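Please keep the sequence and the three-dimensional view at hand while reading.

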Amino acid sequence: MVRLSGRVAIVTGASQGIGRAIAKRFAAEGCPLLLVARSAPALADLESELARAGSRDVVAAPGDVGDPATAAAAVHKAVDTFGRVDILVNNAGVGLRAPVARLDPADLEEVFRTNVLGALHFVRETVPHLLRQGSGLVVNVSSIGARQPVPYLGGYGATKAALASLSESLRMELDGTGVAVLTVYPGSVETGFKAHARGEPYPERSGARRLSPEDVAHGIVRAAELGLREVLILSRGERLGLLAGRLAPRAMERVLLRRYGGTGSGAGGRPTKA
Ligand SMILES: NC(=O)c1ccc[n+]([C@@H]2O[C@H](COP(=O)([O-])OP(=O)(O)OC[C@H]3O[C@@H](n4cnc5c(N)ncnc54)[C@H](OP(=O)(O)O)[C@@H]3O)[C@@H](O)[C@H]2O)c1
């Protein structure tokens, strides 16, 4: 079992939601932390909260992960401050909802820039340090949408499938080096993610049981400690849905269309002629 205590971790998208929960959990495990997100005040707020809880080895490097300079500055600051980097958590991400036939290429490009290139910039900056040390862990937060595509989230799912593919290839390429790669597939999590997403409003799903950000943070820490290559962090309903999709794919597609097809305004989400 791998102990996380004392391992220096970079967490992207740490200002809120899942990333904030991951940072708090890693701090509680005794990890010195470097926090990344665009919102400098939110990162400063988290730094203060962690300091009050007794974690003093926390620094922030605010910036847009889609800019390669953000990753270079963040990794430099982590090494400068703590002398090393052990864990990279590529968590920063943004949603996108639109029928594929009406996907705005500019929206998709922006979301790819954050969800895929953002992670890649951090991998490119961090992995050489991990290889020199002969140890380390890269955690890539994908989505269950990469494993089970759903209607109206095809663009977003494509970014998460791309990230998962990069993650899997990276894991194989680093085999035998002491550097591990963990791909994380969370289900639906209660955060501000839908409100921050590009494209059309997500439909309200009243009554649906959603995971908490802390569930995801816990799942990642457990998977890291156990040395897993991938982890699916899902509600019971999502696990059953995944199984049903394998056993009866056509029937499950109709369920997914009903579940993901509406809009927040109730206007229906079916593609219309342009
Ligand atoms: N919530 C879900 O249901 C769910 C399910 C599966 C997977 N995920 C994945 O989990 C990750 C976290 O999502 P969340 O639910 O916590 O969403 P969230 O509450 O919207 O948080 C997103 C985080 O990413 C940061 N971020 C976004 N764009 C950024 C950029 N260009 N540069 C730097 N930081 C950026 C945000 O910080 P700033 O705004 O301060 O930059 C924020 O800290 C994402 O990768 C998401 O795709 C979420």
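## The surroundings of Ser-15

Leaving aside residues up to four places away in sequence, Ser-15 touches Arg-20, Ala-37, Ser-39, Ala-42 and Leu-43. Ser-15 belongs to the loop between β1 (9–12) and α1 (17–28). Its relative accessible area is 11%, and the cut-off for a buried residue is under 20%, so Ser-15 counts as buried. The model discussed here is a predicted one.

Seven strands form an open sheet in the order β3-β2-β1-β4-β6-β7-β9, and their pairing is parallel. The edge strands, each of which pairs on one side only, are β3 (58–60) and β9 (230–233). On average, neighbouring strands of this sheet are turned by 15° against each other, direction ignored.

Helix α7, residues 213–226, lies across β6, β7 and β9. The helix runs at about 155° to β9.

## Strand β6 and its partners

Strand β6 covers residues 136–141 and pairs with strand β7, residues 179–186, in the parallel sense over six bridges. Within this pairing, Asn-140 stands opposite Thr-183 in β7. Strand β6 also pairs in the parallel sense with strand β4, residues 87–90, over four bridges. Here the bridge partner of Leu-88 is Val-138 in β6.

How many of the six residues of β6 are buried? The strand is mostly covered, with six of its six residues buried. Gly-136, Val-138 and Asn-140 are buried on one side, and Leu-137, Val-139 and Val-141 are buried on the other, so that both faces are covered.

Gly-136 lies in strand β6. This glycine is buried, with a relative accessible area of 8%. Not counting residues up to four places away in sequence, Gly-136 touches Arg-7, Asp-86, Leu-130, Gly-178, Val-179 and Ala-180. Gly-136 and His-76 are 60 residues apart in sequence, and their C-alpha atoms are 16 Å apart in space.

## Loops, a helix residue and a surface patch

Tyr-152 is found in the loop between β6 and α5 (154–173). Although Tyr-152 is not a glycine, its phi is positive, at about 75°. Is Tyr-152 buried or exposed? With a relative accessibility of 7%, Tyr-152 counts as buried.

Ala-69 is located in helix α3, residues 68–82. Ala-69 is partly exposed, with a relative accessible area of 47%. From Ala-69 to Arg-147 there are 78 residues in sequence and 31 Å in space, C-alpha to C-alpha.

Met-1, Leu-226 and Leu-228 make a nonpolar surface patch of about 320 Å². Of these, Leu-228 sits in the loop between α7 and β9. Leu-228 is partly exposed, with a relative accessible area of 36%.

## Salt bridges

Side chains of opposite charge can pair when their charged atoms come close. A search of the whole structure finds 13 salt bridges. In one of them, the side chains of Glu-49 and Arg-20 meet at 2.9 Å, N to O. This pair links distant parts of the chain, with Glu-49 in helix α2 (residues 40–52) and Arg-20 in helix α1, 29 residues apart. Glu-49 counts as partly exposed at 25% relative accessibility, whereas Arg-20 counts as buried at 15%.

A salt bridge also joins Arg-113 and Asp-64, whose closest N and O atoms are 3.6 Å apart. Arg-113 is partly exposed, with a relative accessible area of 33%, and Asp-64 counts as partly exposed at 26% relative accessibility. Glu-168 forms a salt bridge with Arg-171, and the closest N and O atoms of this pair are 2.7 Å apart. Both residues lie in helix α5, three residues apart, about one turn of the helix. Arg-171 is buried, with a relative accessible area of 15%. Salt bridges with shared partners also join Arg-20, Lys-24, Asp-45 and Glu-49 into one network.

Notes
Residues numbered from 1 in each chain as written. Predicted model: local features only at pLDDT ≥ 70, side-chain atom pairs only at ≥ 80, totals over all residues. Heavy atoms only, no water. Pairing = 2+ DSSP bridges. Helix = DSSP H or I, 4+ residues; strand = E, 2+ residues; numbered from the N terminus. Axes fitted to C-alpha atoms, helices over the stretch in contact; angles between N-to-C directions. Contact = heavy atoms within 4.5 Å. Patch = residues over 30% accessible without salt bridge, like charges linked within 9 Å, V, L, I, M, F, W, Y side chains within 5 Å. Areas by Shrake-Rupley, 256 points an atom, 1.4 Å probe, with all protein chains shown as cover. Salt bridge = Lys/Arg side-chain N within 4 Å of Asp/Glu carboxyl O. Buried < 20%, exposed > 50% of the residue type's maximum accessible area, 1.4 Å probe, protein only.
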